[in-house]
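Subject: Handover of a structure

Dear colleague,

Please find below the structure that I am handing over to you.

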Amino acid sequence: MAISSQNATSVTDGEAVIVSAADEKFFPGLLVTLCSVAWYANRKRRLRLVVFDGGVSDTSYAKLISQVARIRADVQFERHKIADYVAGYAARDRLTSMTYARLWIPELVKASRALYLDADVLVLSDVAPLLDLQLDGCVAAAARDPGTRLIGSDCPWIDSTSALSHEPYFNAGVLLFDLDAWRQTALAERTLKLLSTDGVRCFWGDQTALNYLLSGQIRFVPDRWNFATARYVHRIQRPVNILHFMWPVKPWLGSADSDAYVIWRTFAERVAGYDCLTIRHSPRSRLKAFVRDLYPPLRLKWEKLKQVTGFGTPGEARHWKKRAIQAGLRRRSHGDFIRWLKAREKEWGQNA
């Protein structure tokens, strides 16, 4: 298993400013996101956690402070009521109005640099190397989006024949801000103005507007800093620093019984103090995964038997041989994942 969970050795002076946004529905995600930041953050560096509050109850916010304090007592919290700011931006499709909250970071957060994290990520290493990244004249840093690969795929402001339409598209769920540069160029205001004119034609809302305005000004980082995992994390063959649960069914909402969701729920229970017993699980999805890996080798044996008796075809046998090999690789990778998870369970349990 190649998921990275070791604290980075990079130590710099100054403050690590982390911003996340949520309403009450996304509070479990916010809780786990910020607890995981605090868990892996270097203790030699000051940590400021900024919450953009779109309707989080005072009880929930108090729980957040309490749980983070159990991990690290010197964390500074900052809370901004953001509901009035985003009220004019209606939720639609897979977006909530809270997705626009990050546009007010330059205005509300007093710092020269900040790292924004969606409230559906799980941090698995110290984020200092990302925070300290040299931007080389760029105004932000982000990883490429796993689904929308080019700007032209979701941008109503450019022609499909334009060179800009073939520029890479980034995901704004993990976004490093050079806040001074954003303020000097009024990027937030320009983004909001752009969205007010033709934003309804963007499937991904402000993310697409930011891609359009920041083309050529983004420092792209490896996807291990924003690894989109909807299901099978045991297929990861390289280190991952931040897992991003982009799937519509979030880990705290239930049903998706996969390795990635097991990681989230294990951390949530052992470190963040979140009761995962309330999550609806789907026995059907577990059965489906079991059958998916068991059926191909059995079907391959059947196809070989058919060939011996003269009823099978070479094409069918080749197809099921490939599927059987894939199933075997999944089983071995899953075994690596189980060993990795047991080590993390011990780590999270001992230090919680």
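The notes below begin with the protein as a whole and then turn to particular residues and helices.

Please bear in mind throughout that this is a predicted model.

**The protein as a whole**

The secondary structure comprises eleven helices and ten strands. Of the 352 residues in the protein, 51% are buried. Among the contacts with a separation of 6 or more, 76% are between residues 24 or more positions apart.

**Aromatic rings**

A pair of aromatic rings is described by two quantities, the distance of the centres and the angle of the planes. The structure contains ten aromatic pairs. One of them is formed by Phe26 and Trp252, whose arrangement is edge-to-face, with 5.2 Å from centre to centre and 75 degrees between the planes. This pair links distant parts of the chain, since its two residues are 226 residues apart. Phe26 belongs to the loop between strand S1 (15–22) and helix H1 (27–40), while Trp252 belongs to the loop between strand S10 (242–244) and helix H9 (259–270). Trp252 has a relative accessible area of 6% and is therefore buried, the limit being under 20%.

A second pair consists of Tyr61 and Phe77. Its ring centres are 6.3 Å apart and its planes stand at 80 degrees; because an angle over 60 counts as edge-to-face, the pair is given that name. Here too, distant parts of the chain are linked: Tyr61 lies in helix H2 (residues 58–71) and Phe77 in strand S3 (residues 76–81), 16 residues apart. Tyr61 is buried, its relative accessible area being 10%.

**Helices H1 and H9**

Two packed helices are described by the angle between their axes and the distance between the axes. For H1 and H9, the axes come within 10 Å and cross at roughly 75 degrees. H1 is therefore roughly perpendicular to H9. On the H1 side, the residues that meet H9 are Pro28, Gly29, Val32, Cys35, Ser36 and Trp39. On the H9 side, they are Trp264, Phe267 and Ala268. The residues of this contact comprise seven nonpolar, two polar and no charged.

Thr266 is also placed in helix H9. Is Thr266 buried or exposed? It is buried, because its relative accessible area is 8% and the limit is under 20%. Leaving out residues up to four places away in sequence, Thr266 touches Leu341, Glu345 and Trp348.

**Two further buried residues**

Phe170 is in strand S7 (residues 170–178). With a relative accessibility of 1%, Phe170 counts as buried. When neighbours within four places in sequence are set aside, the residues in contact with Phe170 are Ala142, Ala143, Arg144, Asp145, Leu175, Gln207, Leu210, Asn211, Leu214, Ile218 and Phe220. Phe170 can also be compared with Thr208: the two are 38 residues apart in sequence, and their C-alpha atoms are 8.7 Å apart in space.

Asp293 is located in helix H10 (residues 283–308). Asp293 is buried, with a relative accessible area of 12%. Between Asp293 and Gln326 there are 8.3 Å in space, C-alpha to C-alpha, and the two are 33 residues apart in sequence.

**Two residues with positive phi**

Where in the chain is Asp136? Asp136 is in the loop between helix H5 (128–131) and strand S6 (140–144). Its phi is near 50 degrees, which is a positive value in a residue other than glycine. Asp136 counts as exposed because its relative accessibility is 63% and the limit for that class is over 50%.

Ala186 likewise has a positive phi without being glycine, the value being near 55 degrees. Ala186 is in the loop between helix H6 (179–185) and helix H7 (187–198). At 27% relative accessibility, Ala186 counts as partly exposed.

A colleague

Key
Residues numbered from 1 in each chain as written. Predicted model: local features only at pLDDT ≥ 70, side-chain atom pairs only at ≥ 80, totals over all residues. Heavy atoms only, no water. Phe/Tyr/Trp six-rings, centres within 6.5 Å; stacked < 30°, edge-to-face > 60°. Helix = DSSP H or I, 4+ residues; strand = E, 2+ residues; numbered from the N terminus. Buried < 20%, exposed > 50% of the residue type's maximum accessible area, 1.4 Å probe, protein only. Axes fitted to C-alpha atoms, helices over the stretch in contact; angles between N-to-C directions. Parallel < 35°, antiparallel > 145°, perpendicular 65-115°, else oblique. Contact = heavy atoms within 4.5 Å. Nonpolar A, V, L, I, M, F, W, Y, C, P; charged D, E, K, R; others polar.
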